[in-house]
Amino acid sequence: MNWAGNLIDPFNLKEEDFENAGMQAAVTLSRVQRFWGQLREPYTVAQHCLSLVEYFDGDKELQAIAISHEIYEAMGLGDIPTPVKKMLPQVKNAENQALEMFAKLYNLDHNKFHTEIIKSADKGLMVMEARALMPKNPSFSWEEQYGSPVGKLYKLGATEMEVKRDFLLKWQELFGRL
């Protein structure tokens with residue numbers, strides 16, 4: 001069930017499921033914690049998206065992709081770590097279908113969600129977030145596993161309402177609608 005009370009099937013999303021996608025994303029992603037909540041301090045998927053938006057400052061197209069690159073998490077099953085997605089190809093397929101449908105509805109190039117610039121920045125941001133917020137494990141190196149960190153944390157310590165407001169304002173600026 002989405003924020004408006006409508007039943008949706010995350011494995012068979014329809015165009016109408018994306019009505020008010022900005023509000024759906026803001027409500028859901030401002031509540032969903034990164035790394036399944038295994039953090040020293042709260043940090044949400046919405047904050048991650050807004051940090052990626054800041055990383056691409058000056059390029060509105062990349063910012064639009066950055067704020068919406070986790071749209072499936074907002075519409076479906078929450079923040080699923082990449083290693084889990086690799087074990088569940090039906091989840092990855094559903095995510096790709098959702099991104100394709102979203103891109104069509106919001107006049108974005110679906111292929112840009114999968115470009116190296118987006119993937120690299122998203123992964124580098126994940127490394128930065130993990131180093132800053134995850135418990136330390138001397139036998140595991142985020143850099144060796146995933147590469148160099150990039151970016152900065154978006155308003156660490158912000159309330160859910162602050163993050164949701166910032167997300168909605170940025171979404172409105174980038175898409176002209178919620």
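The legends below describe close-up views of a predicted model.

**View 1. Helix α2 crosses helix α7.**
This view takes in α2, residues 45-55, and α7, residues 116-133. Two packed helices are described by the angle between their axes and the distance between the axes. Here the axes come within 11 Å and cross at roughly 120°. That angle makes α2 oblique to α7. The crossing of α2 past α7 is right-handed.

**View 2. Side chains where α2 meets α7.**
From α2 come His48, Ser51, Leu52 and Tyr55. From α7 come Ala121, Asp122, Leu125 and Glu129. By class, the residues of this contact are four nonpolar, two polar and two charged. An α-helix has 3.6 residues a turn, so residues three or four places apart point the same way.

**View 3. Helix α6 and its buried residues.**
Helix α6 covers residues 89-105 and has 17 residues. From first C-alpha to last, α6 reaches 24 Å, close to the 24 Å expected at 1.5 Å a residue. Which residues of α6 are buried? They are Val91, Ala94, Glu95, Ala98, Leu99, Phe102 and Ala103. Glu95 is charged, and it is buried in α6 along with the others named. Just after α6, Asn107 takes a positive phi of about 55°.

**View 4. The packing partners of α6.**
The buried residues of α6 pack against α1 (21-29), α3 (60-68), α4 (71-75), α5 (82-87) and α9 (160-175). Two of these partners, α3 and α9, also cross one another, with axes that come within 10 Å.

**View 5. Ala25 in helix α1.**
Ala25 is found in α1. Its relative accessibility is 1%, so Ala25 counts as buried, the cut-off being under 20%. Leaving out residues up to four places away in sequence, Ala25 touches Ser30, Ile71, Ala74, Phe167 and Trp171. Tyr55 lies 30 residues from Ala25 along the chain, and their C-alpha atoms are separated by 19 Å. Tyr55 is one of the α2 residues that meet α7.

**View 6. Helix α3 crosses helix α9.**
The axes of α3 and α9 come within 10 Å and cross at roughly 135°. That angle makes α3 oblique to α9. The crossing of α3 past α9 is left-handed. On the α3 side, the contact holds Lys60, Gln63, Ala64, Ile67 and Ser68. On the α9 side are Phe167, Lys170, Trp171, Glu173, Leu174 and Phe175. This contact has six nonpolar, two polar and three charged residues.

**View 7. Ser68 in helix α3.**
Not counting residues up to four places away in sequence, Ser68 touches Leu99, Phe102, Leu108, Phe113, Trp171 and Phe175. Among them, Leu99 and Phe102 are buried residues of α6. Trp171 and Phe175 belong to the α9 side of the contact with α3.

**View 8. Arg165 in helix α9.**
Arg165 lies in α9. With a relative accessible area of 42%, Arg165 is partly exposed.

Terms used. Residues numbered from 1 in each chain as written. Predicted model: local features only at pLDDT ≥ 70, side-chain atom pairs only at ≥ 80, totals over all residues. Heavy atoms only, no water. Axes fitted to C-alpha atoms, helices over the stretch in contact; angles between N-to-C directions. Helix = DSSP H or I, 4+ residues; strand = E, 2+ residues; numbered from the N terminus. Parallel < 35°, antiparallel > 145°, perpendicular 65-115°, else oblique. Left-handed = near helix turned anticlockwise from the far one by under 90°. Contact = heavy atoms within 4.5 Å. Expected span 1.5 Å × (residues − 1). Buried < 20%, exposed > 50% of the residue type's maximum accessible area, 1.4 Å probe, protein only.
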